[in-house]
Amino acid sequence: TMHHSRPTNTSLSELHLTGIPGLQDLHHWISLPFCIMYLVTLAGNSTLLYVIKADPSLHLPMFLFLSMLAVIDLVMSTSITPKMLGIFWFHSTTISLGACLTQMYFVHAFSVMESGVLVAMAFDRYVAICNPLRYLSILTVPVVAAIGLAAFLRAVVFMSPLTFQICRLPLCSPAVVDHSYCEHMAVLKLACGDAAFSNAYSLSVSTYVGSFDSLLILLSYALILRAVLSLSSPQARKKAFSTCSSHLCVMALFYVPGLLSMYMQRYHQDLPPHTQVLLADIYLLIPPAFNPLIYGIRTKQICDGARRVISR
């Protein structure tokens, strides 16, 4: 079959994405859950944004962070899924170098942003549960905006050097990226020059973001649980537990596959490549689909807000 053979003499102004290496024969089947998750992501996050915007009672810090998360999820999944489905359905593996670098920048910058917003949301829950009377005086609109801006700037500052590094490295043919999107490490494998700095930089940034942010989140939830256990009523305890556990599940889905796929690519070359690519896809596809379900449908205010918007 033509699309399995590696084009060798392409000018490196364009690259070829293989999709999921080794599982090309299953692309049509794999595309089904991917497509469903993308549609759920679009519907869920758009609905969430619409309800939060339309219902004034939802203009609270928690829902402002949730709106940021929804926008990030829409951008992050849209930067990879349509192209991925194109590879799965139409074998359109070609991507221009410019589009590839843009995709890489968006995917990595927005996943760092998502991580920052997840930390902000954990902090928001901490203030709401441990300091409820001062909640609105601590998390004012300017403070929420500043936190959002900080998450955005951190992502830009961390990810810009990565993209510039790759722009400056000469790339060698075959111009085949063994991945379903332009993931930094996968593109870096095409470099003919010395890629040691890029390698070390990407590993340290992702380790720093992943471990530092998840530690902050765990700390927030540990403090929340301590406060919850001191609550007298079993109902209040049960409610806080169920909220915390669902939030922690979503966060685990984001951090664990992301860090695993990166370390596997670095240290376990003997693993089948599709394992690592599927892990990298999962952490960009599952959280955006589940975030609106877990934070939206399980949040009473959002459900009430949605009812009010519909009845209007």
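Modeller: We will go from the whole chain to the sheet and then to the helix pairs. This is a predicted model, where local features need pLDDT of at least 70, side-chain atom pairs count only at pLDDT 80 or more, and totals for chains, interfaces and linings use all residues. Residues are numbered from 1 along each chain as its sequence is written, and side-chain values use heavy atoms, with hydrogens and water left out.

Colleague: How many helices and strands are there in the chain?

Modeller: The chain has 10 helices and three strands. Both are DSSP runs numbered from the N terminus (helices: H or I, at least four residues; strands: E, at least two). Along the sequence the pattern reads β-α-α-β-α-α-α-β-α-α-α-α-α. The radius of gyration is 21 Å, close to the 20 Å of the globule rule for 312 residues, so the chain is as compact as a globular protein of that length. That radius is taken over C-alpha atoms, and the rule is 2.2 Å times the number of residues to the power 0.38. Along the principal axes, the C-alpha atoms fill a box of roughly 70 × 40 × 35 Å.

Colleague: What is the order of the strands in the sheet?

Modeller: Start with pairing: two strands pair if DSSP finds at least two bridges between them. Here the sheet is open, its three strands are ordered S2-S1-S3, and the pairing is mixed. S2 and S3 are the edge strands, each pairing on one side only. S1 (residues 14-17) runs antiparallel to S2 (residues 94-96), with three bridges joining them; histidine 16 has threonine 94 as its bridge partner in S2. With S3 (residues 176-177), S1 pairs in the parallel sense over two bridges, and leucine 17 stands opposite valine 177 in S3.

Colleague: And how do I describe two packed helices?

Modeller: Two packed helices are described by the angle between their axes and the distance between the axes. Axes are lines fitted to C-alpha atoms, for helices over the stretch in contact, and angles run from 0 to 180 degrees between N-to-C directions. Take H3 (residues 97-130) and H7 (residues 196-229): their axes come within 9 Å and cross at roughly 15°. That makes H3 roughly parallel to H7 (under 35 degrees is roughly parallel, over 145 roughly antiparallel, 65 to 115 roughly perpendicular and the rest oblique). Their crossing is left-handed, meaning that the near helix is turned anticlockwise from the far one by less than a right angle; clockwise would be right-handed.

Colleague: Which residues make the contact?

Modeller: Contact means heavy atoms within 4.5 Å. Among the residues involved are Val112, Leu118 and Phe123 of H3, and Val209, Leu216 and Ile224 of H7. The contact of H3 with H7 has 16 nonpolar, three polar and two charged residues (Ala, Val, Leu, Ile, Met, Phe, Trp, Tyr, Cys and Pro are nonpolar, Asp, Glu, Lys and Arg charged, and the others, Gly among them, polar). H3 also lies across S1 and S2, at about 85° to S2.

Colleague: At what angle do the axes of H5 and H7 cross?

Modeller: The axes of H5 and H7 cross at roughly 160° and come within 9 Å. H5 and H7 are therefore roughly antiparallel to each other, and their crossing is left-handed.

Colleague: What is the handedness of the crossing of H2 and H5?

Modeller: The crossing of H2 and H5 is right-handed. Pro61, Leu64, Phe65 and Met68 in H2 meet Val144, Ile147 and Gly148 in H5. The contact of H2 with H5 includes six nonpolar residues, one polar and no charged ones.
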